[in-house]
Amino acid sequence: MMKHQFVPFDAMRKRAAEAVDALPPAPAGLSKIWLVRNLHGRLRICVGNECEADREIREFLRDAAVRLHEVLGVRSHEPEQGVLFVGDQLLDSLEQGGQPLRPGSRFYLADRLVAGTDWWTVAPSSEVPGRPQRFTLYSVKGGVGRSTTAAILAWDLARRGRRVLVLDLDLESPGLSPVMLERERRPEFGVTDWFVEDLVGQGDRVLERMAAAPAWARDFEGAVHIVPAHGRNPGEYLAKLGRVYLGFGQEEWTARLKRLLQTLEKRHDPEVVLIESRSGLHDIAAATVTDLGAEVLLFGTDSESAWDGYRILFRHWQELGLARDIRERLWTVSALTPEFNTGSYLARFRLRAWELFQEYLYDELAAGEGAESNAFSFGETDDDAPHHPLPIHWNRGLAAGASLLDIAGLPTGSAYGAFLERFHARFPPRPSAAGKLR
């Protein structure tokens with residue numbers, strides 16, 4: 001038995017690209033050749049069934065399989081099993097997440113994953129006239145105040161006359177309902193209930209009973225509707241949670257999430273939608289960051305673990321050619337900004353954020369190219385840049401455990417003043433509400 005050299009997973013893409021670059025030109029009938037990496041991390045060539053009858057194509061693919069096996073070893077299949085001729089259904093599924101090995105290459109890499117597939121595409125922006133503007137509150141690490149921020153931002157926008165819909169999609173760690181709604185005001189059902197009932201065709205039966213308004217919003221010119229992760233009685237929450245992420249027929253979970261969100265938007269007619277995402281790099285977080293067309297608030301602290309998590313994500317977007325699709329929708333948030341040495345802390349935070357964006361998401365400027373170019377790039381101190389942090393200051397009155405049932409009595413100004421100013425510019429008060437703000 002031939003002993004192959006060790007090929008780590010991270011070397012597969014580069015070695016596969018070098019291997020196919022060395023092949024002769026592909027026959028004209030091969031417009032796209034899929035290299036499918038299975039759940040075990042082994043590569044196989046896939047093309048449409050119609051190619052099997054073409055001798056020239058078969059010989060080319062056989063040579064490609066041999067070459068790939070030579071450079072990838074156990075990271076590929078034996079040449080005799082290295083090529084699959086497949087139907088349109090599988091080819092269509094590969095189109096959803098595949099990316100060319102190199103720009104202009106006919107060879108595309110597609111991963112068959114248990115999780116992680118939603119990080120491979122970026123949906124178009126939701127900022128379309130007549131539609132609500134969506135904002136996802138996301139972080140790679142938890143405990144950075146996303147729930148508190150969602151509540152305070154909803155409160156501020158509503159008192160300025162805006163209609164706001166808030167969704168708690170942090171289903172593994174739900175937090176919005178307990179801090180924003182008195183128990184008697186919590187709705188009967190929540191997001192998990194809809195996903196479970198929708199599996200048996202009963203989703204519409206819970207829609208009208210899964211949103212509620214907090215008491216503090218009843219006298220505002222605007223309105224707030226909160227859709228919690230679960231209803232006032234969680235019931236068999238863990239059993240439901242185990243079924244939430246299932247597809248329904250031919251409809252994947254992400255498509256179901258979009259359908260739920262669109263239905264809720266039609267029912268409540270918001271101008272702004274705030275989505276609290278699950279933290280971390282799981283597929284479920286990816287859906288809220290990349291698939292809903294939302295602008296994304298990236299919460300973080302100046303810690304190595306936070307920067308490392310964002311580095312993984314940014315590098316992934318860069319390698320898949322997705323940087324242009326996502327970068328203009330990103331807002332950086334300095335969460336839990338400390339009370340002391342605030343200026344130096346924010347300067348350091350901004351520098352590290354800028355270095356990360358510059359390395360992975362900004363365009364590289366040629367020598368002498370400046371701000372007048374069309375390149376998407378910013379200087380470190382540019383206030384309008386995605387990397388420029390919106391500060392949220394740590395405040396004793398808003399520390400963990402603070403009740404948000406009476407937001408007006410909390411020190412929101414000192415903690416959120418600079419953060420809210422960005423939204424004030426974007427959403428000025430309605431004339432009917434402006435006088436009450438003075």
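**Figure 1. Ser-76 in its loop.** Ser-76 sits in the loop that joins helix H2 (55–72) to strand E3 (83–86); helices (H or I, at least four residues) and strands (E, at least two) are DSSP runs, numbered from the N terminus. The model is predicted, with residues numbered from 1 along each chain as its sequence is written, and local features need pLDDT of at least 70. Side-chain atom pairs count only at pLDDT 80 or more, while totals for chains, interfaces and linings use all residues, and side-chain values use heavy atoms, with hydrogens and water left out. With a relative accessible area of 2%, Ser-76 is buried (buried means under 20% relative accessible area, exposed over 50%, partly exposed in between, with a 1.4 Å probe and protein chains only). Its side chain makes a polar contact of 2.8 Å with the side chain of His-69. A polar contact is a pair of N or O atoms within 3.5 Å; within protein, one must be able to donate a hydrogen and the other to accept it, and residues adjacent in sequence count only if both atoms are side-chain atoms. Leaving out residues up to four places away in sequence, Ser-76 touches Arg-42, Leu-43, Leu-68 and His-69, where contact means heavy atoms within 4.5 Å.

Figure 2. Rolling a probe the size of a water molecule over the atoms shows where empty space is left. On a 1 Å grid over the protein atoms alone, a cavity is a set of points where a 1.4 Å probe fits but cannot get out, and lining residues have an atom within 4 Å of a point. Grid points are joined across faces, edges and corners, and a volume is the space filled by probe spheres set on the points. The second largest cavity has a volume of about 50 Å³. Its lining consists of Leu-43, Arg-44, Ile-45, Ala-65, Leu-68, His-69, Ser-76, His-77 and Gly-82. At least two of the lining residues come from each of strand E2 (43–48) and H2. Sorted by class, the lining has four nonpolar, four polar and one charged residues; Ala, Val, Leu, Ile, Met, Phe, Trp, Tyr, Cys and Pro count as nonpolar, Asp, Glu, Lys and Arg as charged, and the others, Gly among them, as polar.

**Figure 3. The largest cavity.** The count comes to three cavities of 30 Å³ or more, and the largest has a volume of about 70 Å³. Two or more residues of its lining come from each of strand E10 (295–300), helix H11 (304–319), strand E11 (330–337) and helix H13 (342–360). Among the lining residues are Phe-299, Trp-307, Thr-332 and Phe-357. The lining divides into nine nonpolar, two polar and no charged residues.

**Figure 4. His-387 and its contacts.** His-387 lies in the loop between H13 and strand E12 (390–393). Its relative accessible area is 0%, so His-387 is buried. The side chain of His-387 makes a polar contact with that of Tyr-362 (2.7 Å). A polar atom of the His-387 side chain also lies 2.8 Å from the backbone oxygen of Glu-380. Residues touched by His-387, not counting those up to four places away in sequence, include Thr-332, Arg-350, Trp-354 and Phe-357.

**Figure 5. Cys-46 and Cys-51.** A search of the whole structure finds zero disulfides, a disulfide being a pair of cysteine sulfur atoms within 2.5 Å. The closest cysteine sulfur to that of Cys-46 is in Cys-51, 11 Å away, which is too far for a bond. Cys-46 is buried at 4% relative accessibility, and Cys-51 is buried at 6%.

**Figure 6. Helix H6 and its surroundings.** Helix H6 (residues 191–198) is largely enclosed by the rest of the structure, because seven of its eight residues are buried. Trp-194 and Phe-195 are among these buried residues. The buried residues of H6 pack against strand E7 (163–168), helix H7 (204–207), strand E8 (223–227), helix H8 (237–241) and helix H9 (253–268).

Figure 7. Asp-269 is found in the loop between H9 and strand E9 (272–276). Its phi is near 50°, a positive value in a residue other than glycine. Asp-269 is partly exposed, at 45% relative accessibility. Leu-336 lies in strand E11, with a positive phi near 55°. The relative accessible area of Leu-336 is 38%, so Leu-336 is partly exposed.

Methods:
1 Å grid on protein atoms, 1.4 Å probe; cavity = no way out; pocket = protein on both sides within 12 Å on 5 of 7 lines; lining within 4 Å.
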